[in-house]
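Good morning. Please have a look at the model on the screen, and keep it open while I talk.

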Amino acid sequence: MSAKIEDQVRWQDYIRDIPDFPKPGIVFKDITPLLANGDAFAAVVSELACHVGSDVDAIVGIESRGFIFGAALAQQLGLGLITVRKPGKLPADVHSVEYELEYGVDRLEIHRDALSEGHKVVIVDDLLATGGTASATAKLVKKLGAEVEGCLFVIELSFLNGANALEGIPVHSLMHVE
Ligand code: AMP
């Protein structure tokens, strides 16, 4: 019954553009209306689930909006969620990777015991822009000896060519902004 409602909802209609946020010239893709609508949220998670292979061992979510989609997706698939976080948030031993921002550098961390050799994961975030965040996350996963089967996004800003930064890792985005 609920699957039928999900089929009918156009979740894309629940993503809104906020111009000049967080700074002038950036059009921020606000997913909060999508999250607030149960049918739209369920529909987008079901669509993400279609792009995760049956051999995947875990979902890796990137702080912070990647946690929201990653957690829901992991639950739907019966998988665990590995969290990649901003510096200083994870309490146990971590690996860190620095990555370039428009101005300066940032860092992401993963627990050293989060994954092991041979594990296969899919990385999830809400949006792919330049690809710096997802590519740093892929590096962290590889540091643990695990394999990135793919990267999955709700939205891709295709004009920024972020998929190129992922160097051969299969990328799938549900919605493309040209
Ligand atoms: P990037 O590392 O450039 O691919 O940036 C991706 C990260 O920044 C994701 O975690 C997004 O949530 C966030 N992000 C970048 N650009 C936007 C945007 N226009 N709207 C919403 N989130 C964005």
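First, the ground rules. This is a predicted model, in which local features need pLDDT of at least 70 and side-chain atom pairs count only at pLDDT 80 or more, while totals for chains, interfaces and linings use all residues. Residues are numbered from 1 along each chain as its sequence is written, and side-chain values use heavy atoms, with hydrogens and water left out.

Now the ligand. Where does the ligand sit? The space it takes is the largest pocket. A pocket here is found on a 1 Å grid over the protein atoms alone, as an open set of points with protein on both sides within 12 Å along at least five of seven lines. A molecule sits in a pocket if more than half of its atoms lie within 2 Å of the pocket's grid points.

There are 13 residues around the ligand, and Arg65, Asp125, Asp126, Thr130 and Thr133 come nearest. To be near, a residue must have a heavy atom within 4 Å of the molecule. By class, this shell has five nonpolar, four polar and four charged residues. Ala, Val, Leu, Ile, Met, Phe, Trp, Tyr, Cys and Pro count as nonpolar, Asp, Glu, Lys and Arg as charged, and the others, Gly among them, as polar.

Strand E2 (27–30), strand E7 (120–128) and helix H5 (132–143) each give two or more residues to the shell.

Which atoms of Val27 and Lys29 face a nitrogen atom of the ligand? In Val27, a backbone N or O atom is 3.0 Å from a ligand nitrogen. In Lys29, a backbone N or O atom is 2.9 Å from a ligand nitrogen. Asp126 uses a polar side-chain atom, 2.7 Å from an oxygen atom of the ligand. Taken alone the ligand exposes 490 Å², and the protein buries 81% of that. These areas come from the Shrake-Rupley method with a 1.4 Å probe.

Stay with Asp126, which is in strand E7. Is Asp126 buried or exposed? Its relative accessible area is 5%, so Asp126 is buried; buried means under 20%, exposed over 50%, and partly exposed in between, with a 1.4 Å probe and protein chains only. Its side chain also makes a polar contact with the side chain of Arg65, at 2.6 Å. Within protein, a polar contact is a pair of N or O atoms within 3.5 Å, one able to donate a hydrogen and the other to accept it; residues adjacent in sequence count only if both atoms are side-chain atoms.

Next, the backbone. Most residues other than glycine have a negative phi, and most peptide bonds are trans. The bond joining Phe21 and Pro22 is cis, with omega about 0°, and Pro22 is in the loop between strand E1 (16–19) and E2. Asp20 lies in the loop between E1 and E2 and has a positive phi of about 60°.

The peptide bond from Glu63 to Ser64 is also cis, with omega near -5°.

Finally, two pairs. Ala58 and Ala74 are 16 residues apart in sequence, and their C-alpha atoms are 7.3 Å apart. Gly145 and Val177 are 32 residues apart along the chain, with 33 Å between their C-alpha atoms.

Key: 1 Å grid on protein atoms, 1.4 Å probe; cavity = no way out; pocket = protein on both sides within 12 Å on 5 of 7 lines; lining within 4 Å. Helix = DSSP H or I, 4+ residues; strand = E, 2+ residues; numbered from the N terminus.
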